[in-house]
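Welcome! Please take a look at the sequence and the structure below, and then read on for a short tour.

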Amino acid sequence: MSGFLQQCFNGLVSGGFYALLALGLAVIFGMLGVVNFAHGAFFMLGAFGAYVALAEFGVPFWAALVAVPALLFLFGAVLERTLIRRLVPFDPLYNFLLTFGLTLVLQDLVKREYGVQSQPYPRPAELSGSLDLGLFDYPAYQVFVLAAAVLLCLAVWLILTRTRVGMVVRAATERPELTRALGVNVGRWVTPVFAFGVALAGLAGVLAAPMRAVNPLMGADLIIAVFAVVVIGGLGSVFGSVLAGFAIGLVQSLGNLYVPALSQTLIFIIMAGVLLWRPAGLFGREEART
Amino acid sequence: MLTVEGLNAWYGEAQVLRDVDLAVAEGEIVTLVGRNGAGKTTLLRCVMGLHERCTGRIGLRGDTAFGTRPAHRRARLGVGYVPDDRGIYATLSVEENLLLPPVVGPDPWSLPRVYETFPVLRERRRFAGTQLSGGEQQMLALARVLRSGARLLLCDEPTEGLSPLLVEQIGEILREIKAAGVTVLLIEQNLHFATTVADRHHLLAEGRIVESLDNGAVRAREHELLAYLGI
Ligand SMILES: Nc1ncnc2c1ncn2[C@@H]1O[C@H](COP(=O)(O)OP(=O)(O)OP(=O)(O)O)[C@@H](O)[C@H]1O
Ligand SMILES: [Mg+2]
């Protein structure tokens with residue numbers, strides 16, 4: 001029983017990473033219509049950012065948790081302004097290719113500097129122990145990551161549903177052209193939304209550094225699964241992406257326990273099943289984007 | 001208020017507006033009538049800045065560069081758009097649908113005034129926009145541009161599919177805002193209704209304005225025009 005629960009916990013923790021990444025992908029796709037393949041690379045940059053900050057400058061985890069996403073926000077804003085924006089009017093495939101190429105460039109730049117082996121990153125001292133969760137002990141850091149992921153998703157959800165900015169983002173996601181015709185300068189929100197998604201990926205990367213291998217390919221391994229999560233949740237549906245993120249983490253983790261042979265493919269089997277049942281994903285809307 | 005000169009528009013190779021000239025004076029209600037596919041919707045989309053493939057000059061209140069501005073700037077200059085599909089957002093509540101457009105005119109309707117005029121919108125203000133009935137969505141689309149205080153309304157068949165009672169209510173509202181000096185360019189297939197609210201009418205055929213009529217002329221030729229429009 002406690003083994004089962006512990007495995008559930010593991011699943012929710014990795015689901016938290018799925019959810020944070022899928023959330024950023026979903027808002028970026030919704031607002032820009034861009035499938036951001038580089039999202040995994042931004043995640044990796046976040047983790048490497050934390051590593052470099054500590055190894056080279058002695059910046060502790062807690063400071064990196066704020067500074068690295070802030071830097072990635074700037075990076076995302078510059079990227080959107082200089083490259084992404086120019087390709088948005090054309091076939092979405094162009095931006096997909098651009099971000100795919102960007103992924104390779106970023107990975108190789110990091111590889112050149114730090115090689116392919118994984119870099120160690122210590123847990124912050126405050127969270128190095130474990131917590132007694134009643135039925136079992138669990139690493140305090142993992143509990144922190146899960147809580148942070150849930151709170152971040154909740155905060156984004158509140159921003160989206162309760163603020164004027166969120167209302168504009170929802171409107172622009174649903175009907176970009178009409179929203180402009182109603183007097184909303186949709187273009188002004190595009191850069192911050194993209195940068196926000198990038199920063200969120202970076203934040204997930206910083207959170208991952210103390211518990212996952214920090215190496216140039218850590219994002220590439222993850223992003224394929226995150227794409228499956230976004231498709232399952234419904235392309236462009238923020239709520240669906242977050243829910244699917246946690247659910248897939250859970251299912252995958254239990255799958256590891258009970259059907260280890262399927263551990264790598266389970267997520268894609270689920271995706272195929274969901275698509276057969278609901279082609280737009282669990283929370284996607286059927287009509288195509290206009 | 002609004003002047004359109006030499007407007008041409010295309011979808012791909014197909015030209016759907018040809019050399020359209022149109023002027024609407026401040027405080028006037030002018031309709032566009034024409035068969036399906038005549039180009040009425042396209043004309044409004046050109047004025048709103050939503051149709052890229054168009055040439056010609058569009059001016060608003062002496063702003064001759066109006067036609068070169070992006071859509072959101074045009075809206076902010078006091079133009080309210082009621083699109084032919086109502087444009088109600090499913091991901092916004094009824095109240096958010098009302099509050100989305102920024103205030104663009106000197107005399108916007110307050111939310112209480114909107115709710116007083118459309119009590120059903122107050123009742124359903126927390127519902128998703130598309131949970132309203134078709135008629136209620138039309139009311140919402142109109143209420144939304146009134147709330148923004150727009151001085152020129154571009155309304156694409158706002159009475160389509162409404163019960164006679166609701167059509168009458170829309171008529172009352174149009175007369176009320178006209179009295180307040182709001183200008184309306186209205187696409188309307190219901191000729192009888194059109195003559196009760198509007199000052200002048202333009203008949204659009206194959207992308208051209210072929211006739212301009214006043215209310216007397218429309219009433220005198222109602223049967224002929226209805227037969228032409230195929231209604
Ligand atoms: N998206 C489009 N792509 C290609 N052609 C189009 C498109 N939209 C409209 N058209 C064509 O342009 C012409 C004018 O269309 P428009 O919608 O402006 O007509 P309308 O007068 O509003 O008609 P209705 O009474 O049906 O609303 C029509 O011949 C139509 O077939
Ligand atoms: Mg039309």
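Predicted model: local features only at pLDDT ≥ 70, side-chain atom pairs only at ≥ 80, totals over all residues.

Residues are numbered from 1 along each chain as its sequence is written, chains are lettered from A and ligands numbered from 1 in the order in which they are written, and side-chain values use heavy atoms, leaving out hydrogens and water.

**Around ligand 1**

Let us begin with the shell of ligand 1, which includes B:Tyr11, B:Val16, B:Lys40 and B:Glu157; a residue is near if one of its heavy atoms lies within 4 Å. By type, the shell has 3 nonpolar, 5 polar and 3 charged residues, where Tyr, Val and Ala are among those that count as nonpolar, Asp, Glu, Lys and Arg count as charged, and Gly is among the polar ones. Helix H1 (residues 40-48) of chain B gives the most to this shell, with 3 residues; helices (H or I, at least four residues) and strands (E, at least two) are DSSP runs, numbered from the N terminus.

| Residue | Atom of the residue | Distance to an oxygen atom of ligand 1 |
|---|---|---|
| B:Gly37 | backbone N or O | 2.8 Å |
| B:Ala38 | backbone N or O | 3.2 Å |
| B:Thr42 | polar side-chain atom | 2.5 Å |

Taken alone, ligand 1 exposes 640 Å², and the protein buries 56% of that; these areas come from the Shrake-Rupley method with a 1.4 Å probe.

**A sheet of 3 strands**

Chain B has an open sheet of 3 strands in the order E2-E1-E4, with antiparallel pairing; two strands pair if DSSP finds at least two bridges between them. Strands E2 (14-24) and E4 (54-60) of chain B stand at the edges with a single partner strand each, so one side of each has no neighbour in the sheet. Strand E1 (residues 2-11) of chain B is joined to E2(B) by 7 bridges, and B:Tyr11 stands opposite B:Ala14 in E2(B). H1(B) lies across E1, E2 and E4 of chain B, at about 115° to E1(B); contact means heavy atoms within 4.5 Å, and angles run from 0 to 180 degrees between N-to-C directions of axes fitted to C-alpha atoms, for helices over the stretch in contact.

**A sheet of 6 strands**

Another open sheet of chain B has 6 strands in the order E5-E6-E7-E3-E8-E9, with mixed pairing.

Notes:
Polar contact = N/O pair within 3.5 Å; in protein donor to acceptor, adjacent residues only side chain to side chain.
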